[in-house]
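Please keep the sequence and the 3D view at hand while reading.

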Amino acid sequence: MTQISEIVLLGFGDLHGLQFLLFGIFLTIYVMTLIGNLVILTVISADCSLHTPMYFFLGHFSFLEIGYTTTTEPIMLRTLLSAHVPISFLACACQFYFFASLVATECFFLAVMSYDRYIAICNPLHYSNIMDFWGCFQLAVASWLAGFLAPILLMIFIFRLTFCSANEIDHFCDLKPIMKLACTNTQVAEMTSFICTSLFALAPFLLTLASYSHIICAILRIPSTTGKQRAFSTCSSHLTVVSLYYGTLGIVYGFPSMPQYESVLKLLSLLYTVFTPAVNPIIYTLRNKDVKVALRKLVQ
């Protein structure tokens, strides 16, 4: 069991005079992320033409992004103003649980959204029967439940470790920084982490990859160029988000965990905790004709 009661977040104190500049930049990005996702939720709720399975899942995804950024960014902003921010061990555990849950839930929703596009393009005649309200509701509930159940086993093994004298974490309570604080053998926790990642991150990624493989093959079989462009435009935004999300996760968690790379890892963590959620609303509005039309009507 843990023997420490407090975790110290070092933050970005080593950046010296840049903290206030970065605080302003990250605060602006955080506010823009919240506003962008709230706008998407409002537009989808207000415009009846967007009450379709595709935008039903997009609404859930935007709500998820709000929770995802709120879990990490307020504390990150606090560490920019004052380095060595102390938080309780319980608060660190809660932050890790919600962060891991929302990451897993996002993976499931990306898989569900790709499955929706697969049915729409590869099996359009049965789309309304398969993706009816009850089917969409079940997929959404299953994604949320699976995401929040995913890290429970990992939490049990990690926080049963013994944490001794060291209690300093670089940025926020993520998996790698917490594991470094343990002064006992972490092999079981590392194996559990590998199994959980394989089930709740790799499996949705493979399902997403399989869906888009079938979608691309179906698009290539369309004889007309106009038909190909129309089919590809329905999934281009989601494909961009999938590539960006899994690309940044792969870079961060695939990067060597060595002392000489700690500053690089700290900066890379900003990719998927700050910049990726901020870019997603822009992608879904600027590259989506239906959302732009609905937004224009709402503004008018």
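## Terms and basis

In what follows, Ala, Val, Leu, Ile, Met, Phe, Trp, Tyr, Cys and Pro count as nonpolar, Asp, Glu, Lys and Arg count as charged, and the others, Gly among them, count as polar. The model is predicted, and local features need pLDDT of at least 70, side-chain atom pairs count only at pLDDT 80 or more, while totals for chains, interfaces and linings use all residues. Residues are numbered from 1 along each chain as its sequence is written, and side-chain values use heavy atoms, with hydrogens and water left out.

## The cavity

A search of the whole structure finds one cavity of 30 Å³ or more, a cavity being a set of points on a 1 Å grid over the protein atoms alone where a 1.4 Å probe fits but cannot get out.

The lining (residues with an atom within 4 Å of a point) consists of M54, L58, M113, D116, R117, T234, H238 and Y284, which divide into four nonpolar, two polar and two charged residues. Helix α3 (89-122) and helix α2 each supply at least two of the lining residues, and α3 gives the most, with three; helices here are DSSP runs of H or I with at least four residues, numbered from the N terminus.

## Salt bridges

Two salt bridges are found in the whole structure, each defined as a side-chain nitrogen of Lys or Arg within 4 Å of a carboxyl oxygen of Asp or Glu. In one, K297 and D47 meet at 3.2 Å, N to O; this pair links distant parts of the chain, 250 residues apart, with K297 in helix α12 (residues 289-299) and D47 in the loop between α1 (19-46) and α2 (53-81). D47 counts as buried, at 10% relative accessibility, where buried means under 20% relative accessible area with a 1.4 Å probe and protein chains only.

The other joins D116 and R117, whose closest N and O atoms are 2.8 Å apart. D116 is buried at 1%, and R117 is buried at 8%; D116 and R117 also belong to the cavity lining.

## The nonpolar surface patch

A nonpolar surface patch of about 1100 Å² includes F133, W134, F137 and V188 among its residues. Patch residues have over 30% relative accessible area and no salt bridge, with nonpolar side chains (Val, Leu, Ile, Met, Phe, Trp, Tyr) joined within 5 Å. Helix α5 (133-149) and helix α6 (152-158) each supply at least two patch residues, the largest share, six, coming from α5, whereas V188 lies in helix α8 (residues 187-220).

Technical notes. Patches are made of residues with over 30% relative accessible area and no salt bridge: like charges are joined within 9 Å, nonpolar side chains (Val, Leu, Ile, Met, Phe, Trp, Tyr) within 5 Å. Accessible areas come from the Shrake-Rupley method with a 1.4 Å probe; for residues, only the protein chains shown count as cover. Buried means under 20% relative accessible area, exposed over 50%, partly exposed in between (1.4 Å probe, protein chains only). On a 1 Å grid over the protein atoms alone, a cavity is a set of points where a 1.4 Å probe fits but cannot get out, and a pocket is an open set with protein on both sides within 12 Å along at least five of seven lines; lining residues have an atom within 4 Å of a point. Grid points are joined across faces, edges and corners, and a volume is the space filled by probe spheres set on the points.
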